[in-house]
Amino acid sequence: MSVVTSLRRLAPAAALLTGLSIIAGHAEIPLHERRSGYADLGRDTKAMQDDDTANPGMLSVLDGEALWKTKTGDAGRACVDCHGDARTSMKGVAARYPAFEPARGRPVNLDQRISICRAERQQAKPLPYESKELLALSAFVGMQSRGAPVAPPDDERLKPFRDAGRAAYDRRQGQLNLSCGQCHDDNWGKSLAGNLIPQAHPNGYPLYRLEWQSIGSLQRRLRNCMTGLRAEPYEYGAPEYVDLEVYLMWRARGMPMETPAVRP
Amino acid sequence: MTDTKRLYRANRRQVLAGATVLAGLGLPALQTARAQLQANPAALALAIRKVAGDAEVKTGRVKLDVPPLSENGNSVALTVTVDSAMTPTDYVKSIHVFAEKNPQSNVISVQLGPRAGQPTIQTRMRLADTQDIIAIAELSDGTFWRDVRSVVVTLGACLEDPV
Amino acid sequence: MARALINVPAKAKRGEVIAIKTLISHVMESGFRHTSVGARIPRDIIDTFVCTYNGEEIFRAALHPAIAANPFITFHTVAAESGTFTFQWTGDGGFSQTETASIVVE
């Protein structure tokens, strides 16, 4: 299968990609054909996600709720002291991350935003990436966007990073020399070694993955993918992941958030 | 299976993905090193014997609900229900679940009683490989009943690094 | 303290059969896994789960390493009287956790 998509195929997709430079790559999935990983789940796994008392991701959400109210750091402040009830103040927030952070001149994802708040407002020690506590806060805040449509900000400053993310998505990598798009745009719905290839939307993160038997972040999943391609993954927190997340959230725009989702 | 064959317990995480069906991309066929778990009938028989003793375990009255194809062997949903009136004199005493090819045959054993109301349990189990699952119920009259179902377990296509 | 989620109906009619769902955070390390250098990871599981209803045991489960991480168990009981359910999980390394839930039976 040719990697380079003809311009003719790309033209309809290009009409949707206003402002995005046309990079030779894969045809975008038409918006109406997009499918959450939820739709590919078996009956029992769907039931697991649908029932808050059966979804192990909710255990993390409860931990996050407790952390939200815990005073911490030299400032002795809890999240609730500034943000109040997360159900109101955090509603829809996760759906519009990553967002541009002027102090850094680049976008940050939700985990990074939480870490910035901890450092600057709570004067607390940073929570390591993929730590139980950071995942818990991310899951708790993420859940406040459950049901809301993925809403990447209409911010021109994000464009170069979204383009970089898209380039990474279309670039072949690893010993297997595959790009993300070759599986997730061109072959979604087909089988790879007995598993269904999803379209790979980030609308449920952090999520409980059966393979991990724990909750995990989008970065963990991206690292898994890179390992699967036999490429050396970037370190946690690498800007490459955030750029890719900016693109993936844009690619999933309008799809409902499902945090904390359950996936195989 | 002969006595000379050893159980090969590969770390699942070290197993490479199987051959891909994406032949159109011109991928080389990847080597598969699947854990070749064999049924261990002796261990299974012993585990069942510990529960049922010498009693005959009849097929029927138990309904075991497992997905025929699991998405991930780490977490496979299972429901067991038993056809019983659940009266104080005719009820389900216990339910036992076994996995034929797991390193250890027992999955779960539950004690019920007439207060259970409905002899149905649900849980999630780990399966090391494609295998049969056996659910055995002991009734208050001392009889044992069972159901057997097969579950196909595949390995994930893009495996994470080992622990 | 492990995080636990219990689903018991707050209210039920006398004689009604109710479903009780329980979920607890626990790694359920099987004892069959190895690190990348071949060292065996020791077993660490919850091995017993007991539920009592106003002090009387109504459900007992023996869990084995084959139970998936974050054990989820659903069972049933007849709503006989108002009162309290007590749930206790015990396991390796002295693990012990108790949770309660109330029910009003009309």
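The model is predicted.

**Chain C: overall fold**

- Chain C has eight strands and zero helices.
- The C-alpha trace of chain C spans about 60 × 20 × 20 Å along its principal axes.
- Of the 106 residues in chain C, 36% are buried.
- Among contacts in chain C with a separation of 6 or more, 60% are between residues 24 or more positions apart.

**Chain C: strand pairing**

- Strand E3 of chain C covers residues 17-24 and pairs antiparallel with strand E1 (residues 4-7) of chain C through four bridges.
- Within that pairing, Ile6(C) is placed opposite Thr22(C) of E3(C).
- E3(C) also runs antiparallel to strand E6 (residues 72-78) of chain C, and seven bridges join the two.
- In this second pairing, Leu23(C) faces Phe72(C) of E6(C) as its opposite residue.
- In a regular strand, side chains alternate between the two faces of the sheet.

**Contact between chains B and C**

- The contact involves 28 residues of chain B and 26 residues of chain C.
- On the chain B side, strand E6 (106-111) and strand E7 (120-125) are the elements that give two or more residues.
- That side of chain B is made up of 14 polar, eleven nonpolar and three charged residues.
- Strand pairing crosses between the chains: E6(B) and strand E5 (residues 56-63) of chain C are antiparallel and share four bridges.
- Val110(B) has Ala61(C) as its bridge partner in E5(C).

**Chain A: two domains**

- Domain 1 of chain A puts 25 residues into the contact between them, and domain 2 of chain A puts in 20 residues.
- On the domain 1 side, at least two residues each come from strand E6 (214-216), helix H10 (218-228) and helix H11 (239-251) of chain A.
- H11(A) gives the most to that side, with five residues.
- By class, the domain 1 side of this contact has 16 nonpolar, five polar and four charged residues.

**Largest nonpolar core**

- The largest nonpolar core holds 112 residues, and Ile95(B), Met125(B) and Ala135(B) have the most contacts inside it.
- Helix H7 (residues 132-143) of chain A gives the most to this core, with eight residues.
- Both domain 1 (35-50 + 150-263) and domain 2 (59-143) of chain A give residues to this core, so the core lies between them.
- Leaving aside residues up to four places away in sequence, Ala135(B) touches Val62(B), Leu64(B), Val80(B), Ile95(B), Val97(B), Arg146(B) and Asp147(B).
- One of these, Ile95(B), is itself listed with Ala135(B) among the residues that have the most contacts inside the core.

Notes: Residues numbered from 1 in each chain as written. Chains lettered and ligands numbered in written order. Predicted model: local features only at pLDDT ≥ 70, side-chain atom pairs only at ≥ 80, totals over all residues. Buried ≥ 20, exposed ≤ 12 C-beta atoms within 10 Å, placed from the backbone. Contact = placed C-beta atoms within 7 Å. Nonpolar A, V, L, I, M, F, W, Y, C, P; charged D, E, K, R; others polar. Pairing = 2+ DSSP bridges. Core = buried A, V, L, I, M, F, W, Y, C linked by C-beta atoms within 7 Å. Domains from an automatic or database assignment.
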